[in-house]
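Open the viewer and have the selection tool ready. This tour goes from ring to ring.

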Amino acid sequence: MTRSRAPRPGFVLDVDRNTPPILFHHGEGFRFERLPAGRTRVVYPADPLPGLADPAGAIRHALVNPLDCEPLPALLRPGMKLTIAFDDISLPLPPMRRPDVRQRIIEAVLDLAAEAGVDDVHIIAALALHRRMTEAELRHAVGDRVYDAFAPHGLLYNHDAEDPDGMVLLGTTRHGEEVQMNRRAAESDLLVYVNINLVAMDGGHKSTATGLSGYTALRHHHNVKTMQESRSFMDQHRSELHASNWRQGKVIRDAGIKIFQIETTLNNNTFGLDGPMAMLQKREWDWTPRDRAAFLAMQGGLKVMSSGARRRIFEQWKAPYELTSVQAGEVEAVHAVTTENVYRQQLVPVQGQTDILTMGLPYICPYNVNSIMNPILVACLGLGYFFNLYRGKPLVREGGVVIMTHPTPWEFHPVHHPSYIDFFEQVLADTTDPAEIEQRYEKRFAEDEWYRHLYRTSYAYHGVHPFYMWYWCAHALQHVGQVIVVGGDTRAVRRLGFRPASTMADALEMASDVVGRQPTITHLHNPPLLMADVS
Amino acid sequence: MKALLFERKVAKFAAAAIAGRVVAGRGAKHGPLTLKDVDPPSLPAAGWQRLRPRLAGICGSDLATIDGRSSRYFEPIVSFPFTLGHEVVGDLDDGTRAVLVPVLHCATRGIDPPCVACRDGQINRCERIAFGHLEPGLQSGFCETTGGGWSLAMVAHESQLLRVPADMSDEQAVMVEPTACAVHAARTVPRDAGPLVIVGAGALGLLTLAALRAEGDERTIVMTAKHPDQRRWAKELGADRVVEPRELARAVRSETSSLVFGDHLTGGAPTVVDCVGSEDSLADSLRVVAPGGTVLVVGMPGHAPRPHVAVASRDGAAGVLRLHARRLRRRARSRAGRRPRAARQRPLPARPVHRGHRARGERRHPRCGARGVRPPQREATGRSLMAPAKADVTNEATTIERDEADQTSKADVTNEATTTEREAHR
């Protein structure tokens, strides 16, 4: 990659009369919105940090120079049981170009294992209650060489949290939280975990305590109370989600399970510095005539396509992410460094809160890779992920308004999201209160035999997964006074309990009922990913 | 006097059937229903009285008749020409306001001794509905002798008349007959533990729902409704879950935690009350009823498949037919497979296994046949646990192909075995 200048940090733009219209992501499309001058600010992400010049060398260096831990070669010996677990399809977003960083690391670990004479190796996609990865997705993540050597022999596979013989209960935390783990991982002499830390929520003890766990353990932190007590779940020091995972991590450690954690960070080069989507990586005033022409051509093309065709086009996009750091060793020591590296790329200082927070929601979230962004996932992306991308205080004040743009189609992937359909048509039709939903409906969905069957044998998210998506919104739903979706399917938006608006102007007018006639507005110009450090 | 007369005119009935299929209700314009001047019906015997209708309801069976959708199963038990209308409130000659109990049982037909059902007070199960001194007719409104409510006058046997209390309006009184039908159904449904399904939120469906709740039935009730008003009323009357007809199977699956094979549930609701009586509603009912469960058809079927009606146990003119699902469900399943509507229905959640992916080994779990298999052993020097570069993987690919074939044949055998076992179970 060539660069003409050093990467610029993220910054906050005060909108004036000369500010060009601001780009909003809108599913598999885009909108330009002119925001009110004098009381609007736009939070822009930093430019992508430069990637490591020699990723293979950096990985090797991390493996032999780990933090608070013996070097990996010293932990490997003939006759041992070695399990390598890796983050699933939900990371990174969008999927990165080949070679995926997981492939680089797993190949490096396998090389060391081969040198040490280790034969008993299993490789597990740590997907918790997510859907199983397909062969193509596994190949993309681990590479063809690893796949061809292990998958045909049943040694590379998806974690199955509902396999009664394949899970083991390790104990309980001092808070009474059960800790459950994949049996093969728990019974291995060494568990190597390969992580991609796309946002600050990822990694640490959460990798194993969540990724290789099941409903019995996950329910202790994937619940409404935990979410409402996290400020936010992107800030692990103020996140009850992380506190619970850390407690479970200690139980795992006390059970004698040896974990060698390998964590990586990527830059935020989501759309490329050149190529058909490069303009999305830039700030609007940096667009060249060529960018404008390319954007108009893309926008025109997308408009005449069916939603399915648009989706297939965006699914083809692989982000040219680059590795910015890799560290290995003891879980907590590693994760402290990783988090700093995530913040180095994503953290943008912001002064004070706002009355209205606007956000353009893109076509992808962690749970619709190669799939459909259904209304529940739209809510989760906006109110779960984007809203929580803060440290300190939420960007929007308590009682403020969130305005999101997304088409929010009443559409579900029948294979990937079967329980989402029932959740949307039965549960949300009844109530949108997360606590009530948790109390009245969660258990039945979680224990539904059909959903279990689909999760284990098809490519379906677990029956309880839509509940977690809704709980992810719980903090935002508790905090804000109103949620408005611009350009969404009216019925679907209303089913979510939000208010639909045709245009941004209408949405701002509607918001004035809650926040007054001259509210301050902050737009989160995301993606590429950023995290607001609100003082 | 004026009466809306329905005559036996095959060509017009066919025209109504075609028009009714193009636009619902259009059959009335083209069919054999005409407004005519007719002589008032004479009193057939002692004990009969003249009833001058104030209001007459339009039943779903009336609509099916004039729109050419009624089942020919009923032809032997009607007599042409007849005046429609069996939900009636009217005045007797002495000024008494009365509602009509439309069933034409033994007493009305002058049959003595009465049939076993009438003797036991089960007049709704009368076995003589085509005999006696009246023309054949399941009930008033389908019998030439008695006339019907869609006219200025009809005749009714004194055993068919109920005096209307002064504080009951005509609008309330005219609903007595369909409400009685619904109450009868509510008292007929088995009191099992599982959720109860009501198919259809027309007047009869809603009344049945209200009757069930009024009878103290606290089961979870899932109801289908096509229109927003119906959905709202169903909710207000106590349905726990109101879904569109195409969503019924999904809703019942979710409520009963059933599994799915093909487009069908392994379990289902123990009791389904079909308040539509069409071919589609019966197919939907049989699709979601549990093995060994009961489908209760309330009202009179429209264009219901004749074999289903013929084998059902009939519960009289109040219109409760009971189908036992055990054997019929299989027949409906094969019918549903051929029906275009079934193909349009929203599919149930994903098929359980994607053989292609599983066969390629990606799904295979260490405890599922691959335990103990190790990657090819390498030399200690320069060894690698990974596959060689692409150009060298011909043998691997061959192995995978073979695996795929093995897996597929195993999957076929497994499915067959499962199916056979299931059929045997039924």
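Which residues form one aromatic cluster? Select Phe423(A), Phe445(A), Tyr451(A), Phe467(A), Tyr468(A), Trp470(A), Tyr471(A) and Phe498(A). This is a predicted model, where local features need pLDDT of at least 70, side-chain atom pairs count only at pLDDT 80 or more, and totals for chains, interfaces and linings use all residues. Residues are numbered from 1 along each chain as its sequence is written, chains are lettered from A and ligands numbered from 1 in the order written, and side-chain values use heavy atoms, without hydrogens and water.

Rings of Phe, Tyr and Trp (its six-membered ring) pair if their centres lie within 6.5 Å; planes under 30 degrees apart count as stacked, over 60 as edge-to-face, the rest as tilted. By this rule there are 29 aromatic pairs over all chains. One of them joins Phe467(A) and Tyr471(A): edge-to-face, 6.5 Å between centres, 65° between planes. Both residues are in helix H18 (residues 465–472) of chain A, four residues apart, so about one helical turn separates them. Helices are DSSP runs (H or I, at least four residues), as are strands (E, at least two), numbered from the N terminus. Phe467(A) and Tyr471(A) are both buried (under 20% relative accessible area, 1.4 Å probe, protein chains only).

Move to chain B. Select Phe82(B) and Phe142(B): their ring centres are 5.4 Å apart and the planes at 50°, so the pair is tilted. Phe82(B) is buried, at 2% relative accessible area. Phe142(B) is buried too, at 5%.

Return to chain A for a charge. Select Arg97(A): its charged end sits over the ring of Trp317(A), 5.2 Å from the centre. The rule needs NZ of Lys or CZ of Arg within 6 Å of the ring centre and within 35 degrees of the ring normal.

Key. Buried < 20%, exposed > 50% of the residue type's maximum accessible area, 1.4 Å probe, protein only.
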